Amino acid sequence: MRNNSVRRLSMAAMMGAVAFVLMYFSFSIPVLSPFAELELAALPELIGGFILGPVGAIEIICVKLLLKIVFKGSVSMMTGELQNLILSLAYVLPAVLYYRKHRTKKGAAIGLALGAVIARG
């Protein structure tokens, strides 16, 4: 039991570190407004959430944001980090929760679409 929890925690930490590195690679989408960006950090969050479940996804998002705060700091008095946390959770959790009930490629695609609609507001 202990070996499994250590493995799970280390996997969440590694995925969070990968998400932190990918956070620096973001691309502006030319068709949309200038502040709309495609952030690649969502990929490890989603993959880790599909593998580890919703708690693992939350751990990955928190590790990513804590690493950002430690290494880069905050220029927005933590409001930008709070917004990133809320939007990441709004995108990842619906996809992970839907995929938990429907473990197919179609379930993952529908979960991703559902997460995109919910995060969009």
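**Entry 1. A starting residue**

In which helix is Glu 45 found? I looked it up and found Glu 45 in helix H2. I note that this is a predicted model, in which local features need pLDDT of at least 70 and side-chain atom pairs count only at pLDDT 80 or more, while totals for chains, interfaces and linings use all residues. Residues are numbered from 1 along each chain as its sequence is written, and side-chain values use heavy atoms, with hydrogens and water left out.

For elements I rely on DSSP runs numbered from the N terminus: helices are H or I runs of at least four residues, and strands are E runs of at least two. For cover I use relative accessible area, with buried under 20%, exposed over 50% and partly exposed in between (1.4 Å probe, protein chains only). Glu 45 counts as buried because its relative accessibility is 2%.

I then listed its contacts, where contact means heavy atoms within 4.5 Å. Leaving aside neighbours within four places in sequence, Glu 45 is in contact with Ala 57, Ile 60, Ile 61, Lys 64, Ser 88 and Val 92.

**Entry 2. The whole chain**

I counted five helices and two strands in the protein chain. Along the sequence they follow the pattern α-β-β-α-α-α-α. The radius of gyration is 15 Å, close to the 14 Å that the globule rule gives for 121 residues, so the chain is as compact as a globular protein of that length. That radius is taken over C-alpha atoms, and the rule is 2.2 Å times the number of residues to the power 0.38.

Along the principal axes, the C-alpha atoms fill a box of roughly 45 × 35 × 20 Å. Of the 121 residues, 31% count as buried. Among contacts with a separation of 6 or more, 57% are between residues 24 or more positions apart. I recorded an accessible surface of about 8000 Å², of which 71% belongs to carbon and sulfur atoms; such areas come from the Shrake-Rupley method with a 1.4 Å probe, and for residues only the protein chains shown count as cover.

**Entry 3. Helix H2 and its cover**

How many of the eleven residues of H2 are buried? I found eight, so I describe H2 as mostly covered. The buried residues are Ala 42, Pro 44, Glu 45, Leu 46, Gly 48, Gly 49, Phe 50 and Leu 52. What covers them includes H1, E2, H3, H4 and H5. Just after H2, I noted that Gly 53 takes a positive phi of about 95°.

**Entry 4. Aromatic pairs**

I found three aromatic pairs. Rings of Phe, Tyr and Trp (its six-membered ring) pair if their centres lie within 6.5 Å; planes under 30 degrees apart count as stacked, over 60 as edge-to-face and the rest as tilted.

The rings of Phe 20 and Phe 71 have centres 5.8 Å apart and planes at 35°, so I list the pair as tilted. Phe 20 lies in helix H1 (residues 2–22) and Phe 71 in helix H3 (residues 54–71), so the pair ties together parts 51 residues apart in sequence. Phe 20 counts as buried at 11% relative accessibility, whereas Phe 71 is exposed at 60%.

The rings of Phe 50 and Tyr 99 have centres 4.6 Å apart and planes at 45°, so this pair is tilted too. Phe 50 lies in H2 (residues 42–52) and Tyr 99 in helix H4 (residues 79–101), so parts 49 residues apart in sequence are tied together. Phe 50 is buried at 18%, and Tyr 99 is buried at 19%. Ring pairs also link Phe 20, Tyr 24 and Phe 71 into a cluster.

Leu 93 lies in helix H4. Not counting residues up to four places away in sequence, Leu 93 touches Pro 54, Ile 58 and Ser 88. The C-alpha atoms of Leu 93 and Glu 81 are separated by 17 Å, with the two residues twelve apart along the chain.

Ala 109 lies in helix H5 (residues 105–120). At 46% relative accessibility, Ala 109 counts as partly exposed. Ala 109 and Tyr 98 are eleven residues apart in sequence and 9.7 Å apart in space, C-alpha to C-alpha.
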